[in-house]
Structures are given as C-alpha cells and as structure tokens.
Amino acid sequence: MAAEKKASNSMYWTKAHDTLLCREVLALEPYKHKKGSNEAGKIWTDIAQSLKNCQQLKFKLKFKQNLSQRTVRERFSLLQTRYKEKEREETRASGISPEQDELNVLLEEIAEREKAAEENREDVNRKKENDKVTAEEM
C-alpha cells in the first residue's frame, strides 16, 4: 500500500521538463558554489520556483506542489549520471557519432562549465594556501 502511494506521488519528467531544468541550471549556475553550501541551496530553490512558475511547460498541479529544491537537484543529478554513462559507452565504442539533441548539448555545456568552476575553486584554494604559507614564513 505504501509503495502504491509513493508511486502515485512521484513526478513524471518528460524530455521537455528535463530540457527546461537544464536551461535553468545553465542560467543560474548552482555548480559555481560548493555542493551543500547555502548559496548552492538557494540557487536550487530558485530553480524549483522558476519551474513552478513556468508558463511554457506545465507541471501537473499535485506534482507542482511537491517540486522542491531536493526534487530538482536529484533529477538533475540523475540526468548527469545518465549522460556521463552514455558518454563513457560512446567513447568505448569507436566510430559512433550519434546526433546530439538539445538536452545532451545542454548537459555537455553544463559538464564543461562545472569542471571549469571546480578548477577555479581549486585554484583559489591553492592561492589561499600559498598565501597562508607565505604569511607564516614571514
């Protein structure tokens, strides 16, 4: 009985919903902040609110009420995982060059920007560490 109730409350995401989610992620860039930080959480909340208020694509009313920061964050994480696995498979299979749809293009762009943001954070941390060492030596 509990499993039936949970299944009826779950959100059904279409490709259009996923594409809209990725557009919002690309626009608001939650990956620029450390995972789990308040700043990143606020951005995920903004993304959820933006999806709720979207006029182009409607979410069903009962799902719209459950559309939270956690819901969009988990869905995006699932999309990223699937995309990365697909990329690994395509890399292993030589000669495959499938057509890219908008969702895959968005996920690829997000992955590149996320990697650049992570490298930038690492550079900032290294600089802080070097400054700290220099200050201690003086």
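Trainee: Why is Asn104 called buried?

Mentor: The relative accessible area of Asn104 is 9%, and buried means under 20% (exposed is over 50%, partly exposed lies in between, with a 1.4 Å probe and protein chains only), so Asn104 counts as buried. Please keep in mind that this is a predicted model, in which local features need pLDDT of at least 70 and side-chain atom pairs count only at pLDDT 80 or more, while totals for chains, interfaces and linings use all residues. Residues are numbered from 1 along each chain as its sequence is written, and side-chain values use heavy atoms, with hydrogens and water left out.

Trainee: Where does Asn104 sit, and which residues is Asn104 in contact with, leaving aside its neighbours within four places in sequence?

Mentor: Asn104 belongs to helix α6, and, once those sequence neighbours are set aside, its contacts (heavy atoms within 4.5 Å) are with Tyr83 and Lys86.

Trainee: What makes a stretch of chain count as a helix here, and how many helices and strands does the protein have?

Mentor: Helices are DSSP runs of H or I with at least four residues, strands are runs of E with at least two, and both are numbered from the N terminus. By that rule the protein has 6 helices and 0 strands, and from the N terminus on its elements read α-α-α-α-α-α.

Trainee: Which residues of α2 are buried, and what covers them?

Mentor: The buried residues of α2 include His17, Asp18, Thr19, Leu20, Leu21 and Cys22, and Glu24, Val25 and Leu26 belong with them. Their cover includes α3, α5 and α6.

Trainee: Why does Glu29 count as buried, and what can be said of its phi?

Mentor: Its relative accessibility is 17%, which falls within the range for buried, so Glu29 counts as buried. Glu29 lies in the loop between α2 and α3, and its phi is near 50°, a positive value in a residue other than glycine. Most residues other than glycine have a negative phi.

Trainee: How much of the protein counts as buried?

Mentor: Of its 138 residues, 28% count as buried. As for contacts between residues at least 6 apart in sequence, 70% of them join residues at least 24 apart.

Trainee: Where in the protein is confidence lowest, and where is it highest?

Mentor: Confidence is given as pLDDT, the predictor's score for each residue from 0 to 100. The mean is lowest in helix α1 (residues 2–9), at 47, and highest in α2, at 93, while the protein averages 83, with 85% of the residues scoring at least 70. Where pLDDT is low, the predicted coordinates should not be read in detail.
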